[in-house]
Amino acid sequence: MDLSYSDEEKAFREEVRSFLAEKLPKELRDKVAGSDGDGLTKADMERWHAILNEQGWLVPNWPKKFGGAEWNAVQKHIFEEEAAAADAPRIVPFGFSMLAPVLHKFGSQEQNDYWLPRMLNGDDWWCQGYSEPGAGSDLASLKTTAVKNEAGTHYIVNGQKTWTTLGQHANMIFCLVRTDKDVKQQEGISFLLIDMNTPGIEVRPIILLDGAPEVNEVWFTDVEVPVENLVGEENKGWTYAKYLLTHERTNIAGVGFSQAGLNTVKRLAKSEMAGGKPLIQNPHFAARVAQVEIDLRAMATTNMRIIAKAAGGGTPGIEASMLKVKGTIIRQEINDLARRTAGVYAMPFASEAIEGSNAGLPDPLGAGPVAAKYFNNRKLSIFGGSNEIQRGIIAKVSMGG
Amino acid sequence: MNFELTEERQMLQDTLRRFLRDRYDTATRNTILDSATGMSSEIWTELAELGVIGALFTEEQGGFGGKGFDIAVVFEELGRAGVVEPFLDTAVLAGGLVADLGDDTQAALVEEIIGGGCQLAFAHGEPTSRYDLNRVQTSAKADGDNIVLNGHKAVVVNAEAADHLVISARESGEPGDDAGLSLFLVPADTKGITIQGYALLAGGRAAEVMLDEVSIPASARLGKAGEAFAAIEARTAAAAVAQCAETLGAMETATALTKEYLMTRKQFGRPIGTFQALAHRMSDLLIEMEQARSAVINAAGHLEGDRKTREVNVSATKNLMGRAGRLVAEDSIQMHGGIAMTQEYELAHIAKRIVMGDHRFGDTDHHLERFIALAAA
């Protein structure tokens, strides 16, 4: 048992830290600080991707033969931790860490040769077409259909996807579609790559409760997709989707985000006055903060134990589900503390609907939109397999599944 | 003991519930939220005609209610429908202070308020006062026959729409002293008042109110010089009852929507409410709803009691509503899933109302500490 990082790992952390200090533009950092990156534009995100790509760190999870850095789990963790602490934008994951691993493992040579360089160069912005209005937690019940035309050259796609994150920026979408209705649900699903500019596709923004236009509905009406855009074999899409979901769950604990969030809470509570003293000196409030910090310290170690296991070649099992549940509980508790800290100044809201009326939104603590963030992050325990689904997996596996 | 509403209050509740059910749906409210004023003058006038504002004042003040249970009945319905119009600020808080303290000239304003023809705001909180009622720095200094106000009032709800502001200021003593506070009824367009407005997350609007050498006649003072604290505390108690009842009404809507969704939304071939994990959580919410209803009754029923009884009950209720409200809001969203995160679904606004209610008149933690202090006193 040794809780310290190796000299190599420490050197790597220094390298990451100095890279971030040197290359992370101040404008991007300012947009991420406090508001968790909600103000980032498409151009901002692409700019950060390009900076990372130049350094060779845009796709640390990719194998070297595809141009990746092939970092191990500890290196990835160190990068994520430092990036969160430095208020770096998150790498938009849909292409780089969701689709790409599927292409590496199941895509054809042609698909890898064509799509991967475009991804790295920022030619394509990918989004994910999984959930449907009737298929959320029960993803396998999805109804969007893809039927081959008579000539056998195209699939004709009809249906609706929803909760498509940043779909408004995307020109490409990877979709799960039903290609066989007559077999068991999981056995009739295929994995298709679809150009968003094809006629018959309509993207409609969904405005979330904090006003953020980050998710969309995507409608497909007789959309023609070349058969070359099928990944792997027809009707094997569920296998690929499950493989992808294991990649969606990397960095699932969000330790870095929680640490950054907790530091913010402490900073705010030093400025906020309560009863004539800084709020942080209020024993009741301090106890609340300490309670979360104690939980976070333990979870950070759990996270490291699982990372060490993965770095040693082991496959995480239900631990990923456990980290998802505990990690979101802790992150949401920190969001709750942040809104509490701000007191009455948690109430003001920069409404995008009312033009020009929000100049000079008061924010004496420099807290940013803490209440909006609290509401927005209720999504953490819903998406990527809700916490109820995760608990179901934990119970099933640990009690004799 | 009798837990039935009086016939008059029952009628008021029925009328109000029917009117709001017909007139105040999600789309209507979202249009109001997106408007520049953040409120509908039409709804305001119609509700005033229904007697909603009159119910918040006593007979002596020109109304027909004004007791804790009148306030609770009105605000539970406003909360149930997620009404964003500023009845609490105009009538219960600022209007209530004018009615409680005003001389004959000042109190004449109450009739106008009850008729729906006048908006008010209470400019009291300051950037460093958080939830403490006596931590006022804004100064009131005599200048010949006039009084000059200087200071910064924080997150003053309804300030932009207000025709008059009720402003608290210190004539003597230090921030944190009860003694030395006075209230002034001031036209909002008085020279030296700057109002910087913005929207609020849970609807409505507020403003930072800057007072720069605001010169007013001594006749603008409400009540006696330096003795306003007791009235401020009592009115804040009434406002807390209104806020808690509003939260209760919103929680009723949240649980009703959740129950309905659990019984209709199907995943894995069956209604999700048939999964025990969700069914038990729903049961917990219903248990907390009964706690919340009783807590609001405790606060409303003791609003006319002596100071200690009143304030102990206010703090107990505000604390419980903060906790139960958070649970109901968060679990209602969680059990719905993504749909509850969308602005066009009713629960989105309702959940925001419930949680943001904790940021007015003292939050869960503030009232826990206050309950301990009051109970020990």
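Trainee: Which strand of chain B is joined to β11(A), and how do the two run?
Mentor: In this predicted model, β11(A) is joined by two bridges to strand β6 of chain B, residues 193–200, and the strands run antiparallel.

Trainee: And what stands opposite P348(A)?
Mentor: That is L200(B), a residue of β6(B).

Trainee: How many residues does each chain bring to the contact?
Mentor: Chain A brings 41 residues and chain B brings 39 residues.

Trainee: On the side of chain A that touches chain B, which elements give two or more residues?
Mentor: They are β9 (273–274), α9 (283–311), β11 (348–349) and α11 (370–376) of chain A. Of these, α11(A) gives the most, with three residues.

Trainee: How do the residues on that side divide into nonpolar, polar and charged?
Mentor: On the side of chain A that touches chain B, 23 are nonpolar, twelve are polar and six are charged.

Trainee: Changing topic, which domains does chain A have?
Mentor: The domain assignment gives domain 1 as 7–91, domain 2 as 125–240 and domain 3 as 252–398.

Trainee: What separates the centres of domain 1 and domain 2 of chain A?
Mentor: Taken over C-alpha atoms, those centres are 30 Å apart.

Trainee: Finally, what are the scores of the model, and what is the mean pLDDT of chain B?
Mentor: The model has an ipTM of 0.95 and a pTM of 0.95. For chain B, the mean pLDDT is 97, and 100% of its residues reach 70 or more.

How values were computed
Residues numbered from 1 in each chain as written. Chains lettered and ligands numbered in written order. Predicted model: local features only at pLDDT ≥ 70, side-chain atom pairs only at ≥ 80, totals over all residues. Contact = placed C-beta atoms within 7 Å. Helix = DSSP H or I, 4+ residues; strand = E, 2+ residues; numbered from the N terminus. Nonpolar A, V, L, I, M, F, W, Y, C, P; charged D, E, K, R; others polar. Pairing = 2+ DSSP bridges. pLDDT = per-residue confidence, 0-100. Domains from an automatic or database assignment.
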